[in-house]
Amino acid sequence: MFPVNKTRRDTRKVVYGPPLKQLRTFLGPVVGSSSGSGRSVQLTDDLIEYIVTLLPIKAAVTAGLVARRFRDSWRLARRIHFEKELAEEYHNEELETILNHVFESHRGDEIKSFRLHFDPNAHELHLLEWVRKCIQKRVQELDLDISQPKQEPSFLVPPHFLDVESLKVLKLSYSVFQLPPDLKGLSLLTTLVLRRVDITPKIIQTILDRCALLETLDMGWCHGFRLLRIHAQKQTRLRVLKVGNCRAEVRGIEIDAPSVGSLYYSGSISNFGVISQSLLFLKEAMLYFKPLKGITNPLQVERLASTISNNVELLTITSTFLEGLSPRIVDGDLREKQVSFRNLKELQLIMENPSYCNAGDIASFLKNCPRLEKLFIDADEFTFDGGAFYELHQRPLLDKHSALFKHLKLIKIMGFRFQPCHLDLTRFLLGKAMSLEYMFLLLPKSFRFSRALRQDMAFFTDAFPSWKLSPDAEISIDFAWEDKSFVYPKQSRSWY
C-alpha cells in the first residue's frame with residue numbers, strides 16, 4: 001500500500017499484543033477516552049471500523065494492520081490525504097502508483113476530502129480521473145497543491161469539475177481556473193483558497209454572487225486581471241478576506257465587503273482601496289504595505305485608517321502605513337493625526353527600509369490606541385530617521401505627550417540597537433506604560449559581541465529601571481537567537 005522510502009525508513013518499534021485491544025488503544029484518543037478518569041469506553045467492531053474510515057488514509061492503513069478484522073477498512077476511507085509532508089516521501093511515479101491503487105480499491109460511498117500535493121507533469125489525465133471519482137462520491141473538500149517547477153500555472157481545471165453541489169472547501173494552486181457559463185454547483189462553498197492561479201475578475205464576482213454561504217476568500221500570488229473588484233455587499237457570511245502579492249500588472253484592488261471580520265492584504269498601497277463606508281464587523285486586519293519609492297499619499301492612508309479603526313482589535317501595519325499618518329507642519333505648527341483605534345488590543349509594527357519613520361511617528365500613532373495591551377515592533381535592519389525634522393519638532397514632543405497607556409502590559413522590540421531613536425522610543429514607552437509587566441529588547445541578528453556593546457548593555461540595564469512608570473515591569477535584553485520570551489504576535493508576517 002505505502003512502499004517504504006529507502007531514504008526515510010520508519011524506525012519506530014512495533015508493539016505487538018492482542019490486535020483488537022491494540023486497535024482500541026490506538027483509537028482511544030479519537031473518541032476522547034481517558035485512562036486518568038477511571039472510566040473506559042468499550043467500542044464495538046462496527047464503531048471501530050467507522051472511526052477508521054474517518055482517519056486520513058495513511059492512519060487508516062496503519063490502524064487496520066493491527067487487526068485482521070479491519071485490514072481492508074482503509075478501502076472505505078473518507079479522507080484521502082497526500083499532503084506535502086507525506087507526498088514528498090515518494091517519487092512522483094511511486095505516488096502515482098499508490099493513488100491509482102487507492103482509487104481503484106476504494107469501496108466507500110463517499111469521500112469527504114481529497115488533499116494532494118503533486119506535480120502532474122505528464123500524468124495530468126490520472127489527476128483528472130482521481131478528481132472525477134471524488135466528485136462522484138460527493139466530495140466536500142478539494143485541496144489540490146499542483147506544484148510546478150516553472151512556478152507558472154499550467155494545470156487546467158475543467159469547468160464542469162467545479163460545478164459540484166457537495167463542495168464546501170476548494171483550494172487550488174498553480175492552476176488555470178474556469179467556471180461553466182451556466183454554473184449550478186458551489187452553492188454550499190464556504191472556503192475558497194487560490195495560490196498562483198490564473199483567474200479573471202468575472203469569475204470572482206460570479207463566485208461572490210453564487211456562493212451565498214462563502215465565509216473565506218483567500219487569494220495569494222494570483223494573476224490574470226488588471227483591476228480586481230471584490231464587491232460583496234450582499235454577502236452576509238463573508239468573514240475572512242485575504243489578498244496578497246498580486247502581479248505587477250495589477251493596477252487596482254477595490255474591496256467592498258461590509259461583513260468582513262478579518263482583512264489581510266499584502267502588496268502596494270498605491271493601488272489598494274476599501275470603499276465600504278463602515279466595516280462594523282472588522283476585528284483583525286493585516287495591511288502589509290511594501291515600501292514606496294516616492295512619498296506615501298496621506299489622504300489615502302487617512303481614509304483607510306478611518307475605515308478600519310472603529311472596532312479592530314488586532315492589527316499589523318508597516319512603516320509605509322505609518323508614513324501616511326505622520327505628523328505634518330501646518331501653518332507653522334506640528335499637527336498629529338487624530339484617527340482613534342479605540343478598541344485595538346494588539347499591534348504589530350513592521351519597519352522596512354526605505355522609510356523616514358522615527359520614534360516620534362510611532363509615539364503619535366500609539367497615543368491613539370488607548371486600550372492597547374500588547375505591542376510588537378519588528379525593526380530588524382531598519383534605520384530610523386533621526387534627521388533635522390525629528391530633532392527640531394518630534395523629539396521635543398515625546399516627553400510632552402499627556403496620554404498614558406493604562407492597559408499596555410507587554411512590549412517586544414526586535415532589532416533593538418543602542419541608538420538615539422531606539423533609546424528615545426524605549427524611554428517614551430517605559431515612561432507611559434503604567435501597567436507594564438514585560439519589555440523584551442532583542443538585538444539584531446547582525447550584532448556581535450564587542451567591548452562597546454557590553455558597555456552599552458551594562459549601562460542601560462542599570463538606567464532602564466529609572467525610566468519606567470510601572471514599578472513591576474521586567475526588562476530583558478537578549479540577542480535575537482536567544483529569544484527567551486516565547487511571546488509572539490498572533491499574526492505572522494505572511495499568511496500564505
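Leu 186 sits in the loop between strand S6 (175-176) and strand S7 (191-195). The model is predicted. In it, Leu 186 has a positive phi of about 65° although it is not a glycine. Leu 186 is also buried, with a relative accessible area of 1%.

- Most residues other than glycine have a negative phi, and most peptide bonds are trans.
- Trp 221 is a residue other than glycine with a positive phi, near 60°.
- Its place is in the loop between strand S8 (216-220) and strand S9 (227-231).
- Trp 221 is partly exposed, at a relative accessible area of 33%, whereas Leu 186 is buried.
- The peptide bond from Asn 353 to Pro 354 is cis, with omega near -5°.
- Pro 354 belongs to the loop between strand S18 (346-350) and helix H10 (359-366).

**Nonpolar cores**

- In soluble globular proteins, nonpolar side chains tend to be buried together.
- The largest nonpolar core here has 142 residues.
- Phe 114 and Phe 177 have the most contacts inside this core.
- Helix H12 (residues 420-432) gives the core its largest share, six residues.
- Another core, of five residues, lies apart from it; among them are Tyr 264, Met 286, Tyr 288 and Ile 350.
- Which residues touch Phe 177, leaving aside its neighbours within four places in sequence? They include Leu 162, Leu 170, Leu 172, Leu 194 and Val 197. Asp 198, Ile 199, Ile 203 and Ile 207 are also in contact with Phe 177.

**Helix H5**

- Helix H5 covers residues 92-105, which makes 14 residues.
- At 1.5 Å a residue, H5 should span 20 Å. Its end C-alpha atoms are 20 Å apart, so the model agrees with that expectation.
- The buried residues of H5 are Leu 95, Glu 96, Ile 98, Leu 99, Val 102, Phe 103 and Ser 105.
- What covers these buried residues includes strand S1 (79-82) and helix H4 (84-87). Strand S2 (113-118) and helix H6 (124-136) are also part of that cover.

- Strands of a sheet pair through backbone hydrogen bonds, either parallel or antiparallel.
- Strand S3 (residues 141-146) is mostly covered, with five of its six residues buried.
- S2 and S3 run parallel and are joined by six bridges.
- Phe 118 has Ile 146 in S3 as its bridge partner.
- S3 also runs parallel to strand S5 (residues 169-173), with five bridges joining them.
- Leu 142 stands opposite Leu 170 in S5. Leu 170 is also one of the contacts of Phe 177.

**A three-strand sheet**

- An open sheet of three strands has the order S9-S11-S13, with parallel pairing.
- S9 and strand S13 (272-274) stand at the edges. Each has a single partner strand, so one side of each is left without a neighbour in the sheet.
- From one strand to the next, the twist averages 10°.
- Strand S11 (residues 252-256) and S13 pair in the parallel sense over three bridges.
- Ile 255 has Val 274 in S13 as its bridge partner.

**Salt bridges**

- Side chains of opposite charge can pair when their charged atoms come close.
- The count comes to 21 salt bridges.
- Arg 69 forms a salt bridge with Asp 46, with the closest N and O atoms 3.4 Å apart. Arg 69 lies in the loop between helix H3 (57-64) and S1, and Asp 46 in helix H2 (residues 45-54), so the pair ties together parts that are 23 residues apart in sequence.
- Arg 69 is partly exposed, at 41% relative accessible area, while Asp 46 is exposed, at 57%.
- Arg 115 and Glu 141 meet in a salt bridge at 2.9 Å, N to O. Arg 115 is in strand S2 and Glu 141 in strand S3, so the pair ties together parts that are 26 residues apart in sequence.
- Arg 115 is partly exposed, at 23% relative accessibility, and Glu 141 is buried, at 13%.
- Glu 352 forms a salt bridge with Arg 493, with the closest N and O atoms 3.2 Å apart. Glu 352 lies in the loop between S18 and H10, and Arg 493 in the segment after strand S22 (474-479), so the pair ties together parts that are 141 residues apart in sequence.
- Glu 352 is buried, at 17% relative accessibility, whereas Arg 493 is partly exposed, at 36%.
- Salt bridges that share partners join Glu 391, Arg 395, Asp 424 and Arg 427 into one network.

Note on methods
Residues are numbered from 1 along each chain as its sequence is written. This is a predicted model: local features need pLDDT of at least 70, side-chain atom pairs count only at pLDDT 80 or more; totals for chains, interfaces and linings use all residues. Side-chain values use heavy atoms; hydrogens and water are left out. Helices (H or I, at least four residues) and strands (E, at least two) are DSSP runs, numbered from the N terminus. The expected span of a helix is 1.5 Å times one less than its number of residues. Buried means under 20% relative accessible area, exposed over 50%, partly exposed in between (1.4 Å probe, protein chains only). Contact means heavy atoms within 4.5 Å. A nonpolar core is a set of buried Ala, Val, Leu, Ile, Met, Phe, Trp, Tyr and Cys residues joined through side-chain atoms within 4.5 Å. Two strands pair if DSSP finds at least two bridges between them. Axes are lines fitted to C-alpha atoms, for helices over the stretch in contact, and angles run from 0 to 180 degrees between N-to-C directions. A salt bridge is a side-chain nitrogen of Lys or Arg within 4 Å of a carboxyl oxygen of Asp or Glu.
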